[in-house]
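Please look through the structure below with the contacts between its chains in mind. The paragraphs after it go from one interface to the chains themselves.

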Amino acid sequence: MKIRKIAAPMSVAALMGMLAAAPAWAQSAAQTAVDAAKKYAGTEITIVWEAGLQSLDPLNFSGPKWEELTGIKVKVIEVTTSEMFTKILQEHRAGSGAYDALNVIPSWMPDLVRAGALEPLDSFVDKYGFRDELQNIAPTYRDNQMTVDGKIYGFPDDGDLFILYYRKDLFEDAANQAEFKAKHGYDLAAPETWEQYADIGQFLTDKYAPKMYGAGQFRQPAYGIWMFEERYRVEGGKFFDPKTMRAQINNEIGVKAYEGMRNDNKFMPPGVETWGFVEALSSFLAGEIAMTISWPPFGRWAAGYGLDDAALSWVPKSTIAGKVGYALPPGGTPQLAAGFSLSISSSSKNKEAAYLFIQWLNSEEISLQRVQLPYALRDPFRESHFTDSEYLSRWPDAGAYLKTLRAGADTGLLDLSILQIDKYEEALRQSMSRLWAGEDAKAILDDVAAQWDSLTDKIGVDRQRMAYADWSAKPNAYPK
Amino acid sequence: MSGASATGAARGGAGEDARRRRRRRGRRRLAARYVAAILITVVFLFPIYWLFMISFKTPEEIFHSPPVWYPARIQFDNYAVLFRDGDVVTVWNSLFVATISTVLAMVLGTLCAYSLARFKTGGDNLAVWIISQRMIPPIAIVFPVFLLYVWLGWVDTYHGLILLYTAFNLPYVIWMMRGYIEDIPVELEESALVDGCTRWQVMARVVFPMVRSGLFATAVFTFVFAWNDFIFALIMTRSEITTYPVQVTHYFGAQSNFWAKIAAMSALGTLPIFIAVAFLQRYLVRGISLGAVKG
Amino acid sequence: MSGPLSASEAGMGFRIGLFADRRFKYLVIAPAVFILLFIGLFPLIYSLVVSFQNINMMEEDTSFSGLMQYRLLFQDLRLWQSLGHTLLITAIALPIELLIGLLMALLFLEHMPGRPVFVSLLVLPTMIAPIVAGATWRLLFDNRYGPINQVLGWFAGEPMTVLWVIKANLVYPAILLAEIWQWTPFMFLILLAALSNVDKNLTEAAEIDGASDWRIFWRIVMPAIWPVMAIALLIRGLDLFRLFDVVWALTKGGPGTMTETISIYTYIQGFRQFETSYTAAIAFLVIVMLSVAVIFALRRMEITR
């Protein structure tokens with residue numbers, strides 16, 4: 001627990017006395033928030049949260065707890081992810097003041113800030129002494145998902161990234177190792193390049209299909225575009241020419257990435273093109289695929305953690321607990337896909353109360369509890385989360401799991417974020433569905449590049465160039 | 001058309017034979033019709049059957065390949081979750097909003113339809129304008145209406161949504177009822193008027209019984225439009241009066257697909273309608289058969 | 001009710017009746033028209049005004065931009081494609097729904113014991129929320145968990161991988177199947193009610209005269225049900241034009257923009273891209289087009305009657 005540093009000189013005894021009484025004296029950000037919020041007791045604040053499993057956090061845990069501590073009622077407004085950007089902007093445009101606190105996907109933040117929908121938080125942060133705890137968020141999230149133009153607009157609240165999960169029992173099987181080495185000339189281990197991924201996937205499928213396939217993946221466009229963004233950059237691609245601001249994704253690297261993804265489908269279960277999050281999850285948990293790349297919850301649930309909770313009754317039981325290995329996806333630079341930051345709506349009528357709530361949510365002690373909720377979809381994002389002894393004890397391999405997450409947080413790649421990014425992503429999403437429909441990859445990517453270029457022209461080449469320069473200057477925009 | 005005398009003459013020998021032939025044909029036809037009816041019903045009901053079955057399955061059974069046609073046990077856990085989490089209130093919201101807006105639309109619409117049918121009020125222009133209201137895709141007007149409602153403070157309120165559904169259903173009701181009313185010979189009403197009835201009485205005692213089947217058919221579909229609407233409810237509600245279609249879409253998470261909840265909620269959302277139809281079909285069919293035996 | 005009136009009393013009553021009628025006929029349409037104006041007129045005016053401005057996601061430029069949005073509209077290939085998709089779906093689904101609905105109505109027309117049960121069961125697909133119907137068919141079409149591919153596999157003798165909502169040549173059949181499944185019962189019910197109201201005396205007389213079933217149908221029955229059928233076709237046609245839920249649940253307009261209907265495109269432009277002014281212009285275009293089509297259709301219907 002952090003003790004606020006006191007600059008004035010003190011006698012040793014007094015200091016000792018203080019240290020001994022640390023819990024009583026220490027003002028964590030959580031405690032500060034609670035104390036300051038009590039004066040708003042009896043009021044109600046609204047918070048927009050992703051519908052479904054995510055919102056169980058404020059509905060079942062943090063909302064009631066906050067009310068208990070401060071007397072402020074929390075009304076959760078569940079919104080499906082695909083509607084969130086729309087609803088936030090819509091309510092902002094109407095000036096309705098219906099939303100107080102918000103969950104925002106970090107790549108949207110620049111757009112929302114420019115539309116004036118988000119409240120700058122620096123003055124609140126200083127007023128309630130949150131800077132220290134904000135420093136302790138893992139650097140990748142802290143330095144990339146918190147500020148726009150140097151001002152704080154959101155608190156990173158979810159360590160989303162893509163992890164490679166693989167059946168280590170199969171990889172460690174002696175017969176498999178021997179056969180693989182004989183065939184390909186290198187050891188069977190978690191793939192480090194996409195070529196290795198294809199080799200291993202094909203090998204396992206050849207050996208075990210149709211009972212089990214080498215790999216499976218969520219291929220629906222909404223998820224697929226993140227995988228493309230990652231693979232494209234791993235292979236050396238850049239999204240735009242920084243001088244002319246022309247799209248580059250239709251170059252040979254892009255085509256190779258798209259064709260690679262489609263070729264990989266060949267050793268995946270038939271129909272993998274229709275897979276979403278849940279199809280991939282249930283397939284992996286049932287032992288039908290040996291490798292998959294997905295967000296951190298897969299790892300927790302594969303280990304069987306939290307599956308007894310009623311909220312997760314829709315998740316098929318894990319048949320592979322204890323058999324799962326964790327690694328970074330090929331290339332070692334996982335996409336920090338999506339993620340969430342906590343923000344305040346600029347048209348809120350309860351800004352301070354809402355701010356105190358999000359400070360409390362994001363604080364060290366509360367966030368630690370929240371990422372360990374069995375039904376939580378919030379993943380570790382603070383340094384303390386990765387090393388917490390309670391978390392480490394949750395299941396035998398939790399240590400390896402957290403270590404992998406932490407490594408990914410360092411090397412991870414940000415989602416592309418420029419002006420009106422949603423429109424660019426929309427173009428990518430459509431191109432991905434055309435990819436699965438069977439069209440020529442170069443033709444598809446040429447269309448996307450053309451769409452991107454006309455979008456850039458419409459938005460203003462200079463403005464977009466500046467936005468892109470800002471984004472690509474971030475340490476996690478491209479692999480180092 | 002042949003005169004009555006020709007019919008009378010035919011009633012002798014040829015008519016008798018025809019009737020006997022018809023009876024024999026009739027029995028075979030009836031059997032064939034039953035077979036066809038059952039086949040058609042099975043085909044149309046199969047997706048509904050599948051949906052209900054999902055609501056009874058366990059997660060393993062739902063995500064099982066090859067698919068499970070009948071769950072090992074009919075278990076109501078998925079429904080219990082909905083009740084426990086309070087999601088069921090959305091079904092109530094739908095019920096409330098749909099019922100009131102249907103009643104309003106039927107009453108106001110039928111009155112209006114009568115005026116259009118009997119008096120040609122407003123001439124073609126009014127009729128065409130009313131019909132044109134139904135042509136507008138909801139997408140086109142939903143944002144301006146949203147702004148209007150924000151200004152009025154009607155977003156996420158019962159009366160707001162009810163008014164919106166009523167307005168959207170009125171053209172349909174007016175249209176359909178105008179057609180049904182025009183089908184009724186106007187002489188019946190005129191004789192009642194001559195007898196001293198007011199227009200209101202004419203409507204209640206003469207018109208209403210005659211269009212009953214049309215009335216109920218229209219009411220059923222008006223109710224269904226309001227009950228199942230998605231796009232208006234999506235934009236106009238936040239958390240207070242969420243209706244069941246919007247609630248169902250909440251279960252399509254980015255990182256979770258509560259198929260069990262989707263199915264259970266859909267089943268719950270459909271049950272009131274099924275019950276209503278079960279009751280109304282008495283009137284529907286009676287109305288239909290009464291209408292067939294016209295003088 | 002009183003007894004027969006004298007001539008002068010009747011005459012007077014007639015004049016009073018006329019006056020009362022006038023009040024009646026306007027009074028009775030007033031509430032409906034008022035509501036329609038309220039909900040119908042304001043958005044129209046707003047959309048018209050906004051379509052001449054330049055409001056989008058980032059800018060709230062409310063200056064007069066003339067016909068800029070409309071010019072963009074005519075150059076927007078994706079818009080016209082979406083119109084094409086919508087018309088295609090309408091042109092295929094509507095006749096099929098009519099035909100099957102008519103056949104079903106004829107099947108159930110004559111009395112048969114248990115008919116009410118059949119009718120109420122058959123009407124159920126129309127009662128399901130379209131978004132739910134779309135979701136259900138999504139599951140039915142699912143390659144791993146859906147029964148359709150399983151049944152196809154039984155016929156083919158080997159497991160079939162048919163990606164209904166992914167492959168370009170399958171998405172339209174999938175959408176049409178779901179849509180026709182859901183709305184044929186609507187036609188069925190309307191036509192059943194209309195057919196039941198056909199005067200039995202006419203048909204029986206013709207039958208005795210020796211007319212074939214076919215001729216009876218075409219010469220007597222069809223003209224009798226045509227008014228109701230025409231209205232039903234018009235309503236269903238307009239509904240198909242506004243198609244959103246089912247396509248959204250199955251393909252979200254994909255692959256690419258292949259199954260994007262005009263409503264889906266408008267939604268994306270308005271609520272994802274926040275091109276408020278452009279969307280208003282599209283809305284106007286659509287309204288104008290539909291108005292023309294409906295007026296044309298109504299005139300023809302009036303003539304036939």
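In this predicted model, 18 residues of chain A are in contact with 19 residues of chain C. On the chain A side, two elements each supply two or more of the residues that touch chain C: helix H5 (81-94) and helix H22 (421-437). H22(A) gives the most, with eight residues. What is the make-up of this side of chain A in nonpolar, polar and charged residues? The residues divide into five nonpolar, seven polar and six charged.

Chain A as a whole contains 24 helices and 10 strands. Its radius of gyration is 23 Å, close to the 23 Å that the globule rule gives for 480 residues, so chain A is as compact as a globular protein of that length. Along the principal axes, the C-alpha atoms of chain A fill a box of roughly 70 × 55 × 45 Å. Of the 480 residues of chain A, 55% count as buried. Among the contacts in chain A with a separation of 6 or more, 75% are between residues 24 or more positions apart.

Chain B has 14 helices and zero strands. Its pattern along the sequence is accordingly written α-α-α-α-α-α-α-α-α-α-α-α-α-α. Of the 295 residues of chain B, 52% count as buried. For chain B, residues 24 or more positions apart account for 77% of the contacts with a separation of 6 or more.

How is chain B divided by the domain assignment? The assignment gives domain 1 (4-62) and domain 2 (81-292). The centres of domain 1 of chain B and domain 2 of chain B, taken over C-alpha atoms, are separated by 31 Å. Where the two domains touch, seven residues of domain 1 of chain B are in contact with six residues of domain 2 of chain B.

Which elements of chain B give two or more residues to the domain 1 side of this contact? They are helix H2 (13-56) and helix H3 (59-62) of chain B. The largest share of that side, four residues, comes from H2(B). By type, the residues on the domain 1 side that touch domain 2 of chain B divide into five nonpolar, one polar and one charged.

Key. Residues are numbered from 1 along each chain as its sequence is written. Chains are lettered from A and ligands numbered from 1 in the order in which they are written. This is a predicted model: local features need pLDDT of at least 70, side-chain atom pairs count only at pLDDT 80 or more; totals for chains, interfaces and linings use all residues. A residue is buried if 20 or more other C-beta atoms lie within 10 Å of its own, exposed if 12 or fewer, and partly exposed in between; C-beta atoms are placed from the backbone. The radius of gyration is taken over C-alpha atoms; the globule rule is 2.2 Å times the number of residues to the power 0.38. Domain bounds come from an automatic or database domain assignment. Ala, Val, Leu, Ile, Met, Phe, Trp, Tyr, Cys and Pro count as nonpolar, Asp, Glu, Lys and Arg as charged, and the others, Gly among them, as polar.
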